[in-house]
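These are my notebook entries, written while I looked things up one at a time. I wanted to keep a plain record of each step.

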Number of protein chains: 2
Amino acid sequence: MYECSLDRMKDKIKTFSAFGDAGHGGITRYSLSEEAIMARNEFRRRMEAIGADIEIDDLANMYATIPGSEPDAKRIVMGSHCDSVKNGGNYDGILGVMAAMEVLETVVENGIEHKHPLTAMIWTNEEGSLYPPAMMCSGIVCYDYLPEDIRDKFKYDDMMKSKSVLDNSITFGEILKKSGFAGERRFRLDPKRYECMFETHIEQGPILEDVGCDIGVVDCVLGMFNYRLKFYGQTTHAGTFPMAKRKDALLAAAKALCYIHEEIDKLGYSDLVYTTGEIVCHPCVHTCVPDYIDFSFDARHENPEVLEKVLEIVKSCACKEWCGCRCEVEKAWNRDTVYWNKELVGYVKEAAAESEIPHMYIHSGAGHDAQFCAYMLPTTMIFVQSKNGLSHCEQEYSSPEHCTEGATVMLNAVLKADQRGSGYE
Amino acid sequence: MYECSLDRMKDKIKTFSAFGDAGHGGITRYSLSEEAIMARNEFRRRMEAIGADIEIDDLANMYATIPGSEPDAKRIVMGSHCDSVKNGGNYDGILGVMAAMEVLETVVENGIEHKHPLTAMIWTNEEGSLYPPAMMCSGIVCYDYLPEDIRDKFKYDDMMKSKSVLDNSITFGEILKKSGFAGERRFRLDPKRYECMFETHIEQGPILEDVGCDIGVVDCVLGMFNYRLKFYGQTTHAGTFPMAKRKDALLAAAKALCYIHEEIDKLGYSDLVYTTGEIVCHPCVHTCVPDYIDFSFDARHENPEVLEKVLEIVKSCACKEWCGCRCEVEKAWNRDTVYWNKELVGYVKEAAAESEIPHMYIHSGAGHDAQFCAYMLPTTMIFVQSKNGLSHCEQEYSSPEHCTEGATVMLNAVLKADQRGSGYE
């Protein structure tokens, strides 16, 4: 069992946390921004320092590779993203990049033998904060391998035209060109040159901390669906229109939301998560009764039958009438549960056990680049405990010790894959 | 009893509806916009055509006056505003201007004798659609007469700095100067030169239509209060955070809104109106649990004791905890019920009865410039039936017949005030 370096991990956390430091504990580091380019240059500098070879594909995905003892062996890749949401934390994404660097650094420093070349990687624009959608570049790279309904959302030409949410005169294609990080298409991640993929990531939830485990052995990314519920009422003046004749779309939406929660909670699935995070109100003036409300509904669970029951409840809203308002239920998108490669999951479990690091099996509720890779390559993920389960906010925190443990588990799991393969022929 | 001209009213409605015509039945005519200036020039043209003298004060309020037989008599003023909300209708505000013009035109055409000079008026920026607040210029003109807590919101210097909601680099003061309609302060409406004030307006509610009355004899503007309810939760990732540990501010707000409605409805006041028209959500992303919701709460009733009971319910939310979220209840503003001058209300009632126009007493639930005038001058209002009670939308409609009846009632009520005074010494 090898161990990664706590001191080197601390140094990396400190260094990368400065790129986009928003001044109150977190970062804003949009993909291909000046701050993200500082992080990319730091990655290049550190990887070149250990003799890694740098490749950049046409989507600015970066690959730093050290050779293995068998020249024809395919590469084993580890990585994540270096972009953040607005006012995000210092761990989401970048931890997976730092852990991958740490694995390569440990291998080189200790002269650890390995047959396969090992690659540390940065995915471009995972968050999609400025240029939607999220997981844009893994979507493009894995395009040919994705299920058809997912694939349709990641057409290269469409992605290049994705407009900045802050300034719709700028497209992703333009910013990619301007960044100086658009390389060659032949360098894209590809099953012909790559053996398998590992991604270390913070849990972004409180489960590991609650159970007292440092590391999560991730077995799948939960299936999910996303719907919009739309309520159509009638706008009238707040002062002149009797209550009995109103069609108040906001009150209708509030009643529907309470109804949905009551009904779903009756199903009694403690491992189900569902969320209404976005609400749109029209005309949204304090002196007018709202005539239109539109809210999101997101539900996630491993078992498609559970999701089906939840969806029945959501769809039943369209047959109801709250406050005289019509309700429409519209599908936005869904995805099936993606299971990680069993051999790789087993290597992660073994590696954690052998290093005596407290660990447990866990599902991923969030989407990650790894889940698109899983359609193309044997893939798995390692979760690191998140303090209070907070993420996508500046309070996001994982201790340097836990981060280093994540790298250690990945290192030893990678060495197992190097020896025993990924069971994928 | 005199009668105004249906044909002339139809012609005015058609003409003014073109200024800001948004192409689907309504208008967008922000105060002092190009479209509003077209309406102002049309007002000037028509009023000069009957020999009226035009004055414009420093706030661009316009006054068209025809002389009376007693040179020293104070003026009787009628008017409303010519600006609209975004995608508003063809009647809110402008009907009161058209009715005032119609009164002057009828008086001149028929050589109707009157002692007092008669003035038709346009108030600037009643809606406050681009430059808040609403009723800005009546607030400034009546400033010295307003109750202190209302007055504080209408300081001249602050108003001049009011920024456009569409482009915060432009202020009301600048647009006023650029409009070419900033005249002289000495022309402002003032109790030294003006006897009393009438405003004709659409009802903006369904009561007159439901009861089968063409005209509302308005007796008061309802007292009201405006509060904000704020809910503080914790944002987390929609996919990774167990339901039991969440602090979902949107669900908390939905439950609070349902609670407020249930409790207030139990009070059983059918003439009470209350509204949540505005909701703010943070971060408002479909993959994040909202950590902050803020919604408006507006309640209106003639009786302050009723409002007090409603306020108790609203304030009780601050002692509750929904979904683990803290709730704050903050006062935005309130106003007492404003009763119109009894003599003037009586004249309106008599005028409607003598012309055999179906009419009823009614409260105004909405705010109007007239309500600020009421602190300074004897004032009253006349309501015209609104189809389906709709207003602040393109479906807003009042028939030309009802609009003309509104002008006829105002004409005859003004002639009574001309003869018998406004009981105000």
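**Entry 1: a cysteine and its contacts**

I began with A:Cys284 and asked which residues it is in contact with once its neighbours within four places in sequence are left aside. The list I found holds B:Gly277, B:Glu278 and B:Ile279, and I noted beside it that this is a predicted model. I then looked up where A:Cys284 sits along its own chain, and found it in the loop between β9 (279–282) and β10 (292–301) of chain A. For its accessibility I wrote down a relative accessible area of 23%, which means that A:Cys284 is partly exposed, since that class lies between 20% and 50%. I also checked one distance within chain A: the C-alpha atoms of A:Cys284 and A:Leu250 are 9.6 Å apart in space, while the two residues are 34 apart in sequence.

**Entry 2: how the two copies are related**

Next I turned to the relation between the chains, and I reminded myself that two copies of a chain are related by a rotation about an axis and a shift along it. Here chain B is superposed on chain A by a rotation of 180° with 0.1 Å of shift along its axis, and the RMSD is 0.1 Å. The two copies are thus related as by a two-fold rotation axis. I then asked which C-alpha of chain B is nearest the axis; that of B:Ala254 is, at 2.2 Å from it.

**Entry 3: the interface**

For the interface I first looked up the contacts, and found that 55 residues of chain B are in contact with 54 residues of chain A. Of the interface residues of chain B, 98% are also interface residues in chain A, so the copies meet through the same surface. The size of an interface is often given as the accessible area lost when the parts come together. Between chain B and chain A the buried area is about 4,500 Å², and carbon and sulfur atoms give 65% of it.

I then went through the polar side of the interface, where I noted 10 residue pairs in polar contact, both at pLDDT 80 or more. Between chain B and chain A the count of salt bridges is two. In one salt bridge A:Asp210 is paired with B:Lys245, with the closest N and O atoms 3.0 Å apart.

Which elements of chain B give two or more residues to the side that touches chain A? I listed α8 (207–211), α9 (249–267), β8 (273–275), β9 (279–282) and β10 (292–301) of chain B. The largest share of that side, seven residues, comes from α9(B). By class, the side of chain B that touches chain A has 26 nonpolar, 21 polar and eight charged residues.

**Entry 4: salt bridges within the chains**

I widened the search to the whole structure, which gave 44 salt bridges over all chains. In one of them the side chains of A:Arg8 and A:Glu109 meet, at 3.4 Å from N to O. This pair links distant parts of the chain, for A:Arg8 is in helix α1 (residues 6–17) of chain A and A:Glu109 in helix α3 (residues 94–109) of chain A, 101 residues apart.

In chain B I looked up the salt bridge of B:Arg193 with B:Glu55, whose closest N and O atoms are 3.5 Å apart. B:Arg193 lies in the loop between α7 (172–179) and β5 (194–202) of chain B and B:Glu55 in strand β1 (residues 53–56) of chain B, so the pair ties together parts that are 138 residues apart in sequence. B:Arg193 counts as partly exposed at 26% relative accessibility, while B:Glu55 is buried at 7%.

A further salt bridge in chain B joins B:Asp294 to B:Arg228, with 2.9 Å between the closest N and O atoms. B:Asp294 lies in strand β10 of chain B and B:Arg228 in strand β7 (residues 223–232) of chain B, so the pair ties together parts 66 residues apart in sequence. I noted that B:Asp294 and B:Arg228 are both buried.

**Entry 5: a threonine in a helix**

Last, I looked up B:Thr408, which is found in helix α13 (residues 400–420) of chain B. B:Thr408 counts as buried, at 4% relative accessibility. Not counting residues up to four places away in sequence, B:Thr408 touches B:Tyr2, B:Glu3, B:Cys4 and B:Ser355.

Definitions and conventions
Residues numbered from 1 in each chain as written. Chains lettered and ligands numbered in written order. Predicted model: local features only at pLDDT ≥ 70, side-chain atom pairs only at ≥ 80, totals over all residues. Heavy atoms only, no water. Least-squares fit on C-alpha atoms with pLDDT ≥ 70 in both. Contact = heavy atoms within 4.5 Å. Buried area = accessible area lost by both parts, 1.4 Å probe. Salt bridge = Lys/Arg side-chain N within 4 Å of Asp/Glu carboxyl O. Polar contact = N/O pair within 3.5 Å; in protein donor to acceptor, adjacent residues only side chain to side chain. Helix = DSSP H or I, 4+ residues; strand = E, 2+ residues; numbered from the N terminus. Nonpolar A, V, L, I, M, F, W, Y, C, P; charged D, E, K, R; others polar. Buried < 20%, exposed > 50% of the residue type's maximum accessible area, 1.4 Å probe, protein only.
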